[in-house]
Amino acid sequence: MRVIDPGAGRAAGSWAAAGILSPSHPEALPGAVHALATRSLELWEEIARRHPRIELRRTGLLLVGDDPGWLAWRAARGMPADPVTWIRADGSAVAGRRFPEVQVVRTPRVAPALLGDIPVEPATTTLERLRAEADAVVIATGAWSAPLLEAAGIAVTVAPRRGQMLLFAGGRIETVLMEAGPGGVHLALPRADGRVVVGTTLEDVGFDAGTVPADLDRLEAWAREWVPGLGAREDAWSGFRPWSDRAVPLIGHLAPGLLAAVGHFRNGILLAPATGELVADLILGRPPHVIPGDFSSPPP
Ligand SMILES: Cc1cc2nc3c(=O)[nH]c(=O)nc-3n(C[C@H](O)[C@H](O)[C@H](O)COP(=O)(O)OP(=O)(O)OC[C@H]3O[C@@H](n4cnc5c(N)ncnc54)[C@H](O)[C@@H]3O)c2cc1C
């Protein structure tokens, strides 16, 4: 197996992401995505047993703010959403709901752990040459997939949606804290080392991987209000979610010997293991755990 990647660094979604293993806006996602998520969660457990460095932890999630759609979706499935109280930095109490099953991983450590000794080659070749050399080529190029899909004659739009994130030295928080409201999603989550990750924005700014001081200040102000004992700001970055015009990721054959695994938008960390498994099943002819047709491409 060869892995070819020019290296987007921290702008790759798989580096930049918060690492929450729970569907974002689940009520808006089709059943196929939930089936992929369910299988992924089984696989995340296996991966974490082999690679404890990825710090898979069941932190749960505490939702504050008004998100009746998400709560109704959970209620319809009998999923717990116990009323709880969150104490903010100024001591004031706010009502929220606790989702106990939610887990997190430390995203920047995942790809290196899974790659192990497999070298990553810079992208100095063409798709045509790769297809001539390999039995199967998989396009898994996140927000950067549009030109490759177009070259393959696939009419699926994929485009970057930037998200900015911050890291703080510490804070008294043991759960994912999420506030969903009309201004977007604010979140804070504890890392195993005691640091606190805060986000995020959802922006259509092309491939501008910078951060905007006013956005970072706004996110920090939110976090200082909500997370008691928040430490100093240590870092900030932005990365690209691979938005697509499909409601489900595109996973499957585009042509003989050419596959895609793209368009995971907000949920690509959650969905990564089952996506990889489905790709491998399709290449090796193994019986898949999910319905491949749910994710396959439209005819070119
Ligand atoms: C701020 C933020 C927070 C997020 N939080 C979460 C979360 O909590 N939970 C969750 O499940 N998801 C989250 N996501 C979404 C998730 O990060 C993405 O859906 C997922 O990482 C996409 O993975 P990917 O492998 O498709 O793309 P990426 O991880 O972006 O990887 C694409 C790779 O393709 C490479 N590449 C580009 N062009 C080429 C080429 N021509 N040839 C070869 N390689 C190429 C790039 O260098 C890059 O390394 C978040 C995303 C962001 C930005």
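This report walks through a predicted model of a protein chain with a ligand, going from the overall fold to the ligand shell and then to one arginine.

**The chain as a whole**

Eight helices and 15 strands make up the secondary structure of the protein chain. Its radius of gyration is 19 Å, close to the 19 Å that the globule rule gives for 300 residues, so the chain is as compact as a globular protein of that length.

As for the inside, 45% of the 300 residues count as buried. Take the contacts in the chain with a separation of 6 or more: 75% of them come from residues 24 or more positions apart.

**Around the ligand**

How many residues surround the ligand? The count is 29, and the closest are Asp5, Ser14, Phe265, Arg266 and Leu270. Sorted by class, that shell has 14 nonpolar, 12 polar and three charged residues.

| Residue (backbone atom) | Ligand atom | Distance |
|---|---|---|
| Ala18 (N or O) | nitrogen | 3.2 Å |
| Ile20 (polar atom) | oxygen | 2.8 Å |
| Asn267 (N or O) | oxygen | 3.4 Å |

On its own, the ligand has 1000 Å² of accessible area, and the protein covers 86% of it. Which elements give two or more residues to the shell? They are α1 (13-16), β9 (158-168), β13 (233-244) and α8 (268-284). Of these, β13 gives the most, with four residues.

**A look at Arg106**

Now for a single side chain. Arg106 is in the loop between β6 (103-104) and α4 (110-115). Is Arg106 buried or exposed? It counts as buried, because its relative accessibility is 15%, and the cut-off for buried is under 20%.

Leaving aside residues up to four places away in sequence, Arg106 touches Ile54, Glu55, Arg191 and Asp193. With one of these, Glu55, there is also a polar contact: the side chains of Arg106 and Glu55 are joined at 3.4 Å.

How values were computed. Residues numbered from 1 in each chain as written. Predicted model: local features only at pLDDT ≥ 70, side-chain atom pairs only at ≥ 80, totals over all residues. Heavy atoms only, no water. Near = heavy atom within 4 Å. Polar contact = N/O pair within 3.5 Å; in protein donor to acceptor, adjacent residues only side chain to side chain. Areas by Shrake-Rupley, 256 points an atom, 1.4 Å probe, with all protein chains shown as cover. Nonpolar A, V, L, I, M, F, W, Y, C, P; charged D, E, K, R; others polar. Rg over C-alpha atoms; globule rule 2.2 N^0.38 Å. Buried < 20%, exposed > 50% of the residue type's maximum accessible area, 1.4 Å probe, protein only. Contact = heavy atoms within 4.5 Å.
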